[in-house]
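Reader: Before the details are discussed, please present the sequence and the structure.

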Amino acid sequence: MIVDVDEVLGLFMKGFGGFLAERGYDFRIDRFALFQNIYAAGAAEHLDLETGRALFNEFFAGHCGEIEPAPGAIEALNRLSRRAEILILSNAPPQAEQLRGAWLRKHGLSHPLILSSGPKGPITAGLVAQTPQRTAFVDDLLPNLDSVAEHAPGTATYQHVADERLRPLAPSAPERHPRIDDWAELAAAIEQAVSR
């Protein structure tokens, strides 16, 4: 099983929003986007993308270990780890590796962590090719799910959006990737998929 971190295992938007508030910015989740939701306090137009990316990089360099786990995620992975090998595949800047690894260990998730960038299909295909077992992939982003479906078509794909504010805004394709935002239900579906 391969699983994402931000908005899947951890509440990234909540953590990043708190980080921005400490620096005097508003984080308004009114669209399924990241940098276009960052505003100077009281401003009508969002920050320019370059400033948003600088804040994003600062967060990952020093603060990404402070996010809260998604509700039910830790318990679900502990349950799933009894019957499946788990890999954590996170699109995050390289400077996040130590903090992200420490965050996983702090919450009892000692699974291998792979940091990457871009579509997750090619790397997932390489990983699942190393096992004869049935595999599953969980992410919040439709492009990553579609990429995995294209490159590793035998892998069961599931969408999970942890932040309740994002759920109504997140593009979904339930006919291709079941959308299960409750971790207990998701764990049950994954167990069924990998044990067939």
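**Pockets, rings and buried residues**

Author: In this predicted model, the largest pocket has a volume of about 620 Å³.

Reader: Which residues lie nearest the centre of the largest pocket?

Author: The lining of this pocket consists of 26 residues. By class, 14 of them are nonpolar, 5 polar and 7 charged. Those nearest the centre of the largest pocket are D6, L34, F56, N91 and L141.

Reader: Which element gives the most residues to the lining of the largest pocket?

Author: Two or more lining residues come from each of helix 1, helix 2 and strand 5 (113–116). The top contribution to the lining of the largest pocket is 3 residues, and it comes from helix 2.

Reader: Which residues lie nearest the centre of the second largest pocket?

Author: The second largest pocket holds about 300 Å³ of space. Its lining divides into 7 nonpolar, 4 polar and 3 charged residues. Among the 14 residues that line the second largest pocket, those nearest its centre are M1, E85, T131, Q133 and T135.

Reader: How many aromatic pairs does the structure hold, and what is the geometry of the pair F12 and F60?

Author: The structure holds 12 aromatic pairs. For F12 and F60, the ring centres are 5.7 Å apart and the planes are at 20°. Planes under 30 degrees apart count as stacked, and the pair of F12 and F60 is accordingly stacked.

Reader: How many residues apart are F12 and F60, and are they buried or exposed?

Author: F12 belongs to helix 1 (residues 12–22) and F60 to helix 2 (residues 49–62), so that the pair links distant parts of the chain, 48 residues apart. As to accessibility, F12 and F60 are both buried.

Reader: Why is the pair of F19 and F59 classed as edge-to-face?

Author: The ring centres of F19 and F59 lie 5.4 Å apart, with an angle of 65° between the planes. Because planes over 60 degrees apart count as edge-to-face, the pair of F19 and F59 is edge-to-face.

Reader: Which parts does the pair of F19 and F59 tie together, and what are the relative accessibilities of the two residues?

Author: F19 is in helix 1 and F59 in helix 2, so their pair ties together parts that are 40 residues apart in sequence. Buried means under 20% relative accessible area. F19 therefore counts as buried at 3%, and F59 is buried at 2%.

Reader: Which residues do the ring pairs link into a cluster?

Author: The residues of the two pairs discussed above, F12 with F60 and F19 with F59, belong to this cluster. Its members, linked by ring pairs, are F12, F16, F19, F27, F35, F56, F59 and F60.

Reader: Over which ring does the charged end of R28 sit?

Author: The charged end of R28 is 3.8 Å from the centre of a ring. That ring belongs to Y39.

Reader: Where does D163 lie, and which side chain does it contact?

Author: D163 is in the loop between strand 7 (156–159) and helix 7 (183–194). With a relative accessibility of 5%, D163 counts as buried. Its side chain makes a polar contact of 2.6 Å with the side chain of R165.

Reader: How far apart in space are A136 and I2?

Author: A136 is part of strand 6 (residues 136–139) and is buried, its relative accessible area being 0%. A136 and I2 are separated by 134 residues in sequence. In space, their C-alpha to C-alpha distance is 6.2 Å.

Definitions and conventions
Residues are numbered from 1 along each chain as its sequence is written. This is a predicted model: local features need pLDDT of at least 70, side-chain atom pairs count only at pLDDT 80 or more; totals for chains, interfaces and linings use all residues. Side-chain values use heavy atoms; hydrogens and water are left out. Rings of Phe, Tyr and Trp (its six-membered ring) pair if their centres lie within 6.5 Å; planes under 30 degrees apart count as stacked, over 60 as edge-to-face and the rest as tilted. Helices (H or I, at least four residues) and strands (E, at least two) are DSSP runs, numbered from the N terminus. Buried means under 20% relative accessible area, exposed over 50%, partly exposed in between (1.4 Å probe, protein chains only). A charge sits over a ring if NZ of Lys or CZ of Arg is within 6 Å of the ring centre and within 35 degrees of the ring normal. On a 1 Å grid over the protein atoms alone, a cavity is a set of points where a 1.4 Å probe fits but cannot get out, and a pocket is an open set with protein on both sides within 12 Å along at least five of seven lines; lining residues have an atom within 4 Å of a point. Grid points are joined across faces, edges and corners, and a volume is the space filled by probe spheres set on the points. Ala, Val, Leu, Ile, Met, Phe, Trp, Tyr, Cys and Pro count as nonpolar, Asp, Glu, Lys and Arg as charged, and the others, Gly among them, as polar. A polar contact is a pair of N or O atoms within 3.5 Å; within protein, one must be able to donate a hydrogen and the other to accept it, and residues adjacent in sequence count only if both atoms are side-chain atoms.
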